[in-house]
Amino acid sequence: MTDGGNESDDSGVNTGGSDRPDGRASVDDLADEVDDDAPSISVGPDETTGDGPSLGGEDDGPSLDDVVLEETPSGEDADEASRGLFDDLLSGAPIFENKEVLRPSYTPHKLPHREEQINNMATILVTALRGDTPSNILIYGKTGTGKTASAKFVSEELETTSQKYEVPCEVEYINCEVTDTQYRVLAQLANKFIEKNRGVIDDRLDELEDLRERAREDDTVLGESDLDVETVADLDAKIEQLRDDRDEFEEVPMTGWPTDRVYNTFFDAVDYHERVVVIMLDEIDKLVEKSGDDTLYNLSRMNSELEKSRVSIMGISNDLKFTDFLDPRVKSSLGEEEIVFPPYDANQLRDILQHRSEVAFENDALSDDVIPLCAAFAAQEHGDARRALDLLRTAGELAERGQTERVEEDHVRRAQEKIELDRVVEVVRTLPTQSKLVLFSIILLEKNGVHNINTGEVYNIYKRLCEEIDADTLTQRRVTDLISELDMLGIVNAVVVSKGRYGRTKEISLSVPIEETEAVLLSDSRLGDIEDIQPFVQARFDN
Ligand SMILES: Nc1ncnc2c1ncn2[C@@H]1O[C@H](COP(=O)(O)OP(=O)(O)OP(=O)(O)O)[C@@H](O)[C@H]1O
């Protein structure tokens, strides 16, 4: 892949990089030129032509192609011209051989410790290759347990095998976190099947038109063909029919149609020809949470009406309880088969990391402790392979940045801190404004040396902040709820303590780094408006 930002453009101005095989001026030259009063850019041919200045076209003014930088150093000069900004970074031994394989977008071809789940899925789905409808499958498991990777692996195998045996079987993947309404799910499916149908029609038209061409000279070819046409008129009618079919498919717009029209379009598109379709709904709980179970109800009852095709659903969820919200009919239909993905333990994570690291890292780039430590940290987190891979990649990046030859244990520890901080920043950044105000109040109290903060103290500061930025002020009870939410997110720690006859109160402390969290809060434009609240807080505790 090329990095567009470092490519030379047509003007001959190279925008980055240290080495200049084209012998043109570097960024440094540009800077020097700017310092001088002398013009930095000249128009016309370079010195080598010896011609007088000429303007780009015959009559036109100078064109961009004619703009070249003066005093273009060439060869060795170019080396000197660069200050070696990138040279230093490139000089160390590379740590990664192929970093991409550690990224979440990479689909591994081998999934250690998921053989059982993969075999279970295959056993259920093999029915599709016999032309029958496979049972619906629900896949459960916590985040990073390989559900999506395994399901995609099985789907690819299924499609490849179906091509091999010429049994029409297709898998459609939908991520319900992104596509989270019935309209969008059906529209996306309809459009995918319309596109596929068009592909099938085009192939068929090519065959028929080819036959038509040959039949023009000798119509005995019709009898020999396996396309099931006896006369040229038959053939023409078929071609006409296919062209009509092709024109009739109308793509569903992303909004605007009544839902039943979208459903009917999807239904007709799926049933256009014989096939078994597996619809994979990843993060299915998000769909149900956002828009109820209508989509699942409609999909699960389709088979009784489809004539040529069959549909089977494969739902994937992190949330074991989401079926509690389903209509009992949907629940029993969807959960015909259930497959559970348990969390990985540290040894299994070690194997997974070992496999990936062989491709991802240069030989000997990892010291012996690195993989076991990444695996141990991720196993503590609930056996999340995504987290383990992130840790390993981040540790490698830190080593690369530090220009060390190997990734060491310390890089893993720093990677763990960095990932944790990134998480906190993301959680804090996306909090609603009211929660941000509550959190900011706690920070102000801590910064002023208040320990064992109680809800009343938070509420007083919070009220003042709301006045300052003209926000609605919630009741103390609501603020107490928001504090509990911050506690659940791991941002504050709130413990209930008994004060004897004075009842019970919460003692609140911050669980995240104070400076970074404050900076994230102040980067919110609304909170950024808070002038200087410090003197006010100070005054409250001075007396
Ligand atoms: N057994 C395994 N072998 C190799 N890589 C794995 C394995 N299990 C998971 N991974 C990798 O871990 C990452 C997370 O896996 P995946 O997306 O399948 O998890 P998930 O269970 O679907 O999580 P979520 O519910 O958060 O979507 C991916 O990069 C995947 O390639």
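User: What percentage of the residues in the protein is buried?
Analyst: This is a predicted model. The protein has 543 residues. The buried share of them is 30%.

User: How many helices and strands does the protein have?
Analyst: Helices and strands both occur in the protein. The count is 22 helices and nine strands.

User: Are α6 and α9 roughly parallel or roughly antiparallel to each other?
Analyst: Helix α6 covers residues 182-217 and helix α9 covers residues 259-270. Their axes lie 8 Å apart, at an angle of about 30°. Angles under 35 degrees count as roughly parallel. The two helices, α6 and α9, are therefore roughly parallel.

User: Does α6 pass α9 in a left-handed or a right-handed crossing?
Analyst: The helices α6 and α9 pack together. The crossing of α6 past α9 is left-handed.

User: How many nonpolar, polar and charged residues are in the contact of α6 with α9?
Analyst: On α6, the residues in contact include Leu186, Phe193 and Ile194. On α9, they include Val262, Tyr263 and Phe266. By class, the contact of α6 with α9 holds twelve nonpolar, four polar and no charged residues.

User: Which helices each supply at least two residues of the shell around the ligand?
Analyst: The ligand is surrounded by 19 residues. The closest are Thr143, Gly146, Lys147, Thr148 and Ala149. The helices that each supply at least two shell residues are α5 (147-164) and α15 (385-401).

User: How do the residues of the shell around the ligand divide by class, and how many are charged?
Analyst: Eight residues of the shell are nonpolar and eight are polar. The charged residues number three.

Definitions and conventions:
Residues are numbered from 1 along each chain as its sequence is written. This is a predicted model: local features need pLDDT of at least 70, side-chain atom pairs count only at pLDDT 80 or more; totals for chains, interfaces and linings use all residues. Helices (H or I, at least four residues) and strands (E, at least two) are DSSP runs, numbered from the N terminus. A residue is buried if 20 or more other C-beta atoms lie within 10 Å of its own, exposed if 12 or fewer, and partly exposed in between; C-beta atoms are placed from the backbone. Axes are lines fitted to C-alpha atoms, for helices over the stretch in contact, and angles run from 0 to 180 degrees between N-to-C directions. Angles under 35 degrees count as roughly parallel, over 145 as roughly antiparallel, 65 to 115 as roughly perpendicular and the rest as oblique. A crossing is left-handed if the near helix is turned anticlockwise from the far one by less than a right angle, and right-handed if clockwise. Two residues are in contact if their C-beta atoms, placed from the backbone, lie within 7 Å. Ala, Val, Leu, Ile, Met, Phe, Trp, Tyr, Cys and Pro count as nonpolar, Asp, Glu, Lys and Arg as charged, and the others, Gly among them, as polar. A residue is near a molecule or strand if its C-beta atom, placed from the backbone, lies within 6 Å of it.
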